[in-house]
Amino acid sequence: MNAMTRRIVIGTAAVTMAASLAACGKAGDGDTAGGGGDSKTIGLLLPENKTTRYETFDRPIIEAKIKELCGDCKVKYNNAAQDTETQKKQFDALVTQGVKVIILDSVDYKATKSWVQQAEKKGVKVVAYDRLAEGPIAAYVSYDNEKIGRLQGEGLVKALGAKAKDSNVVMINGSPTDPNAPLFKKGAHSVLDTGVKKVVYEQDIPDWSPDEANKKMGAAIDSLGKDGFQGVYSANDGMAGGIITALKKQGVKVPVGGQDAELAGLQRILTGDQAFTIYKQIKPEAETTAEIAVKLLKGEDIASLTPTKVTSLTGEFKDIPAKLYDAQIVTKENIASTIIADKVYKAADICTAEYKAACAAAGIK
């Protein structure tokens, strides 16, 4: 939903090459084409690399936990670079190679139904990670995403303070192909629709693009005027960066919220450019997913790890075993007791030369 902002700028060619190398490098790891099966390999497919969380946190945590639980297990990893067709090819290749468990964080949740159905027929178990893919999913690990939206709405209302009830708000929502985005939006609306005067401008942003969010914020300022809104809801920190750039260009200063506790987002919070973010502990989500994948690979029961049942967004697939984690609002006041205490980032990571004074003012050493 996913994610940590200092954007990793990787050329498409580099991503493609890395994906090819990953595939080539492990092609002989006990794979069998078609129905044979590979009892020692877990597929890991992540959706994109615009947001830094996937390569910096999710992938290494999942891979390390799988290795810890199953010393001779291998992970076949690919990143789809936000392209659905690329992810389909990556998924199909894993099935063809005989991989029996695939961790899937989908680019477009609606597109996955037929993939997962075909995989199930071949005895492949698919664990939906972070985003609930369509299809007969074996398990799902994520957050209570509607609750995260409510937290975002509450964070913005709190940032607006006594003026909240008289404030107009702009909403910049996440990607329409991400199943979490409508849940964030729904949760945020449940708070903002009664907590502020009016949502006066609202847009969904394809691919969670900070550049597109920047353009839409510029269009909102042109349409509403510099005084036509008093706060901005941004579905994640990456887009908040683009939004804040647009606001600064026009000399507008209003509270902007975000999500994912990205490094750049945290730094903007310390300087006062961003009001808050939502901190989702990636480690428990990633490690639980790895644990479920290993158990499925070994044919073991996963009930103890999946206490909840969920239904797919279309309503077609019901009683999917799930684990949903909670999140929390992070502001200047609690960065030290959350992000730094949990060792997501060290104080030194956040408090680079440019931010030393802001860190000192917030009591971060």
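The entries below go from the whole protein to selected helices, rings and single residues.

**Entry 1. The whole protein.** I note at the outset that this is a predicted model. I counted the secondary structure and found 13 helices and 12 strands. I then looked up burial: of the 365 residues in the protein, 54% are buried. The accessible surface comes to about 15,000 Å², and carbon and sulfur atoms account for 52% of that surface.

**Entry 2. Helix 3 and helix 4.** I asked how these two helices pack. Their axes are 11 Å apart and meet at an angle of about 0°. Helix 3 and helix 4 are therefore roughly parallel to each other. From helix 3, the contact involves Thr84, Gln87, Lys88, Phe91 and Val95, and from helix 4 it involves Trp115, Val116 and Ala119.

**Entry 3. Aromatic pairs.** How many aromatic pairs does a search of the whole structure find? I recorded 3. One of them joins phenylalanine 91 and tryptophan 115, with 5.6 Å from centre to centre and 45° between the planes, and this pair is tilted. Phenylalanine 91 belongs to helix 3 (residues 84-96) and tryptophan 115 to helix 4 (residues 113-121), so that the pair links distant parts of the chain, 24 residues apart. Both phenylalanine 91 and tryptophan 115 are buried.

I next examined phenylalanine 184 and tryptophan 208. Phenylalanine 184 has a relative accessible area of 0% and is buried. Tryptophan 208, at 2% relative accessibility, counts as buried.

**Entry 4. Helix 9.** Is helix 9 largely enclosed or open? I found 8 of the 9 residues of helix 9 (residues 263-271) to be buried, so the helix is largely enclosed by the rest of the structure. The buried residues are Leu263, Ala264, Gly265, Leu266, Gln267, Arg268, Ile269 and Leu270. I looked up what they pack against, and the list includes helix 8 (237-249), strand 9 (277-280) and strand 12 (327-330). It also includes helix 11 (335-340), helix 12 (347-350) and helix 13 (356-361). Just after helix 9, I noted that glycine 272 takes a positive phi of about 90°.

**Entry 5. Threonine 288.** I located threonine 288 in helix 10 (residues 282-297). Its relative accessible area is 9%, so threonine 288 is buried. Neighbours within four places in sequence aside, threonine 288 is in contact with Val141, Leu305, Lys323 and Tyr325. I then checked two of these contacts against each other: lysine 323 lies over the face of tyrosine 325, at 5.0 Å from the ring centre.

**Entry 6. Glutamine 82.** Where is glutamine 82 found? I placed glutamine 82 in the loop between strand 2 (74-79) and helix 3. With a relative accessible area of 14%, glutamine 82 is buried. Not counting residues up to four places away in sequence, glutamine 82 touches Pro47, Glu48, Val107 and Asp207.

Note on methods: Residues numbered from 1 in each chain as written. Predicted model: local features only at pLDDT ≥ 70, side-chain atom pairs only at ≥ 80, totals over all residues. Heavy atoms only, no water. Phe/Tyr/Trp six-rings, centres within 6.5 Å; stacked < 30°, edge-to-face > 60°. Helix = DSSP H or I, 4+ residues; strand = E, 2+ residues; numbered from the N terminus. Buried < 20%, exposed > 50% of the residue type's maximum accessible area, 1.4 Å probe, protein only. Lys NZ or Arg CZ within 6 Å of the ring centre and 35° of its normal. Areas by Shrake-Rupley, 256 points an atom, 1.4 Å probe, with all protein chains shown as cover. Axes fitted to C-alpha atoms, helices over the stretch in contact; angles between N-to-C directions. Parallel < 35°, antiparallel > 145°, perpendicular 65-115°, else oblique. Contact = heavy atoms within 4.5 Å.
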